[in-house]
Each structure stands twice: as structure tokens, then as C-alpha cells.
Amino acid sequence: MLQFDQVSKTYPGGFVALERINFRIAKGEMVFLTGHSGAGKSTILKLISMIERPSTGRVMINNIDLSRLKRSQVPYVRRDVGIIFQNHRLLMNHTVFDNVALPLVIEGFTGKEMVKRVHAALDKVGLLDKQRCLPETLSGGEQQRVGIARAVVNKPPLLLADEPTGNLDPELSRDIMQVFEAFNQVGVSVLVATHDLGLIARMRYRTLTLKQGKMINDGLMPLQEPV
Amino acid sequence: MSVLFSGRASGAKANRISALRRFLMFFVHHFRQALASLGELWRTPTASVLTIVVLGLSLTLPATLHLLVKNAQQISGSFAKAAEINLFIRDTASAQQIQSLITILNADKQISSVRHISKEQAMLEFQEASGFGAALSYLTDNPLPDVLVVQPVNTDPSAARALMQQLSNERIVEFAKLDLEWLTRLEAIVGLLQQAVFAIALLLLSAVLFIVSNTIRLSIISKREEIEVMKLVGATDAFIQRPFLYTGFWFGVLGGLLAFLVSEALLWWLRGAISKITDLYQSDFQIQAMNLTEFLSIILLAVLLGVVGSYLSVRRHIRAIEPAGP
């Protein structure tokens, strides 16, 4: 599904964000990505969503080398990758419904089919009754869930989440992670970037650990090995 | 269309919507977006009104000047007398020869009418007009020639001059005279006005282009965040720019209407002053307002300016906005 092949990224100015990163995520796999801030988590997500391009190496999705795609194809790649942002990135002057419907409108859905899908996505995150609200009237956790609904509404095969539980209390974090697990169970590949080690310990999924742009661990975290 | 997952149908195709329905939906969708953009104008009234007013007033000046030139051309057309050709007949010609020449000229398709002023008539007119009445009666014989006043069908100076050349070759014609100077001068003035209008219009319209383009640029910048989000969830540049193009379209429609109304009002206001002048010249001149074609062209021009101005901005600035990342 997703493959990094000797990927390095050097930003203008010489800062090396990633150094020869290799990993694969299989179809329907759920993986955590962790490391201190500045370790390269965001850069990996940016490379997958084609906000940045690698300096060397290849990023492949479904065996297609992203660096071979033209600028005009970038939007179509992003339609296949659902992204959940730490700061939600909702359209603040549009209703929850409009926010979730945006990817569908972009793809040319209209009428009943669109409404059906938006309702299904909002139902999954438990916000069906808030669809007419403006995002700023919602709590942080609810806004995060609107972001999740928007990321999954067009059923992308790959879901990326950047610190989805960043500012949330543990209970809300658990709820949100359960939403991700639910998607994972229907075959969506999920990559969650987080520095919440407690969460990772509880969830027991494969974890990629970055340190200063290098991959130092791939697998279950040592501290979470069964006793 | 999915680039990465060939099996993954998406959007309208996944819904298996028929081609006809998709075709219809295309228009419905555009219509909706046009309405949405109109609503967007409503939400930012100050900037929109300012742009529309600037667009409208900038178009008003060339439109009004065009109307004035059009009316001036009509006036110059009404002074067809200017293109009268006077044929001075040789003294030796007999009355019969003159009559036969009149018949020939009357049959000529290039000539609309021929008037004969005989020596005697000419003498009488001259006596009345010149004030030499008594003095002229001392003359033993009449020195004035017979004159044929020929009115050409085509009053265009060059055509009239060609006709004059042709007529001066007639055997009994001593010489032909055409009062051209005045007509050429008037035409030159009208031509100059026309070119001035064109130049002013060109300058104003390019200014309008930049003003629309700048308004749209500001609108894009104020929606930067929204555009980034749309790009992140997979919107193409074409999708993002459409509402802005429609905004330009509405600027054009409303600005064009404004230009029409203001120039008609100006013309109405000038009507009194113009009729005073034309009364002095005892002409039955009727000032001409904008006709349907002119109205449509001004709207079309305004819309074109709106859309092109918007496109210039959209093309550069929407491309330049790239999401900074998650």
C-alpha cells in the first residue's frame, strides 16, 4: 500500500529532516509513527500528501512512484489519502455538513448520494445532530471528529492522522482512536503520527520511531512487550 | 478518476449517472456556483460596490463619447448640402443643350437631384443677397453663367470628388466646383474624435482590468486559509478558481448595467443643451440613444473585462497558494 524506499529530505538551508527512511505499510494495516518534535514525523506525512517532494528516494503508494506524477495530478492523489490535521483545518464560516461534504463536492457528487454519504460519515463520529452547527461552536474534540468525518467521507484507502489526540483528554483520545480502529477494521490503512506514548502503549500496534530523521525502531515498542 | 488506485471509481462515475444527467448537472452546478458568487458579493458589499462603480464609470466615459460621436456623424450626414456640385455652364451653350444635359444627369444613378439656376435667377439672387442691387442694374449684360446644382447620392468626399471630375468633362460645362473643404474638415474632426474615444477607451479598459484583477487578488488572499484546505482535500486549481471567475462575471454584468444607466442619464441631461444648438441651425436633429446592439456590446465588454481581469489574478495567485502542511 505505502512504501518508503531510501527516502531522504533536505530542506532548503541544509536541514536534513529525513535520512534514508525505509518502511512499508500493508493494505489494512494500522501503524503508529512517533518521535520527538523535529524528528521528521510531519515531513513523512507531507511527503505522502505531496505537500513536499523527497530529495532522494521514492515514496510509493499502491506501487506508483509519487515523484513521477505531474503537478496537475496532485489533487487526485490527495483524494485517495484522507488526512486528519492536528489543528483541524476546518472552514470556520461553513457548517459542519458543508465541511464534511467538501471532498464530495470536489469530486462532483451531488444531491442525495452526497447527503447520504455525509450523514454516514457524521454518524460514524457521532456528530449527526451537530451537522447544522458552525465549527467554532463545537468543542476541540468535536472539531477533531468533524475533521475525521471529512477525511473518511470519500472512503480513501489510506488515512493519515497528525497528532489526532493532541490537545484532548484521555477519554476523548480513546474515543477517537476507537474511530480509527473501526475504519481499520473495514480495510483502510491507517498511519497515526503521535507523541502520546501512553496511547501507543495501550493500543499495541506496530510503531515506527523516528529520531533526528532516522528510523530507530520498527515494530512493537520495547516497553510494551508483554511481560 | 483515481491516479493511484485504478480500480477505485469515484465521484460522478461511481454513481453511474447517465451522460445526459451529468451534462444537465454541469449547467445546474455552474448556475449554482454563479448564484453562490453573487451571494459572496453581497457578503462583502464595500469592496464589491467599489469595484462595480469603478468598472461602470470607467466604461461610461467611452460609452458616452461613442454616443456623442455617433450623433456628430449623424449631424455631418444631415449637412449633405456640403457635397453639392456646382456645374458652371459655358456662355455659348444653348438652352436646349442645357436641358438635354439636365435630362442626362437626372438619369445618372450617382445623382439624386439636379437643380437649374438660370442666369436671370442667379442675378436676382445676387442682387438681393449682395446689397449691390442698384449698382448691378448699371451692367449692360448679365455676367453670371447658368449653374446646375448637382446633388450626388454618395456624399462621401472622395466619391463626390470623383463625380465632380467626371462631370467637369461634359462639353458644355465650363468648370465644376465642389465645396469640399468644409466637409473634409468636419469628417477629420469626427475621425479625430473617434480615435480619441478609442484611445481613451483602451486606457480606461486596461485600468479596469487591473482594478478587477486586484479586487480578486485581495479576495483570494482573504480566503487563503480556505483555499489551502480545499487543496489539501484534493481540489484542482480549476475547481478553486471557478467561484472567483464568476465573481468577475458579476462585476462585469453589474458594472456594464451601471455604465449603461449613467451614460443614458448623461445623454438625457445633455439633451436640453444639444437641442438649443441644433435649433440655432434649424435642423430637425433627434439625439440618438443607445440601441440594443450597443447595449449588449457594452454588457459583453464589461463581462469580458470582469472575467479576464479575474482570470489574470486567479491564474497566478491560486497556483501560488500551496498548503504548508499538516
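**Burial, packing and contact**

Mentor: Of the 326 residues of chain B, 25% count as buried (a residue is buried if 20 or more other C-beta atoms, placed from the backbone, lie within 10 Å of its own, exposed if 12 or fewer, and partly exposed in between). This is a predicted model, in which local features need pLDDT of at least 70 and side-chain atom pairs count only at pLDDT 80 or more, while totals for chains, interfaces and linings use all residues. Residues are numbered from 1 along each chain as its sequence is written, and chains are lettered from A and ligands numbered from 1 in the order in which they are written.

Trainee: Are H10(B) and H11(B) roughly parallel or roughly antiparallel to each other?
Mentor: H10(B) packs with helix H11 (residues 292-320) of chain B at an angle of about 150°, their axes being 7 Å apart. Axes are lines fitted to C-alpha atoms, for helices over the stretch in contact, and angles run from 0 to 180 degrees between N-to-C directions. Angles under 35 degrees count as roughly parallel, over 145 as roughly antiparallel, 65 to 115 as roughly perpendicular and the rest as oblique. H10(B) and H11(B) are therefore roughly antiparallel.

Trainee: Why is H3(A) largely enclosed by the rest of the structure?
Mentor: The buried residues of H3(A) include Val96(A), Phe97(A), Val100(A) and Ile106(A). H3(A) is largely enclosed because the number of its twelve residues that are buried is ten.

Trainee: Which residues of H5(A) make the contact with H3(A)?
Mentor: The axes of H3(A) and helix H5 (residues 140-152) of chain A come within 7 Å and cross at roughly 30°. That makes the two helices roughly parallel. Two residues are in contact if their C-beta atoms, placed from the backbone, lie within 7 Å. Val96(A), Asn99(A), Val100(A), Leu102(A) and Pro103(A) of H3(A) meet, on H5(A), Val146(A), Ala149(A) and Arg150(A).

Trainee: Which helix gives the most to the side of chain A that touches chain B?
Mentor: The contact takes 32 residues from chain A and 23 residues from chain B. Helix H1 (41-48), helix H2 (74-79) and helix H3 (96-107) of chain A each supply at least two residues of that side of chain A. With five residues, the helix that gives the most is H2(A).

Trainee: Does Leu18(A) count as buried or exposed?
Mentor: Leu18(A) lies in strand S2 (residues 16-25) of chain A. Beyond its neighbours within four places in sequence, the contacts of Leu18(A) include Val7(A), Gly40(A), Ile44(A) and Gly213(A). Because Leu18(A) has 27 C-beta neighbours inside 10 Å, it counts as buried.

Notes
Helices (H or I, at least four residues) and strands (E, at least two) are DSSP runs, numbered from the N terminus.
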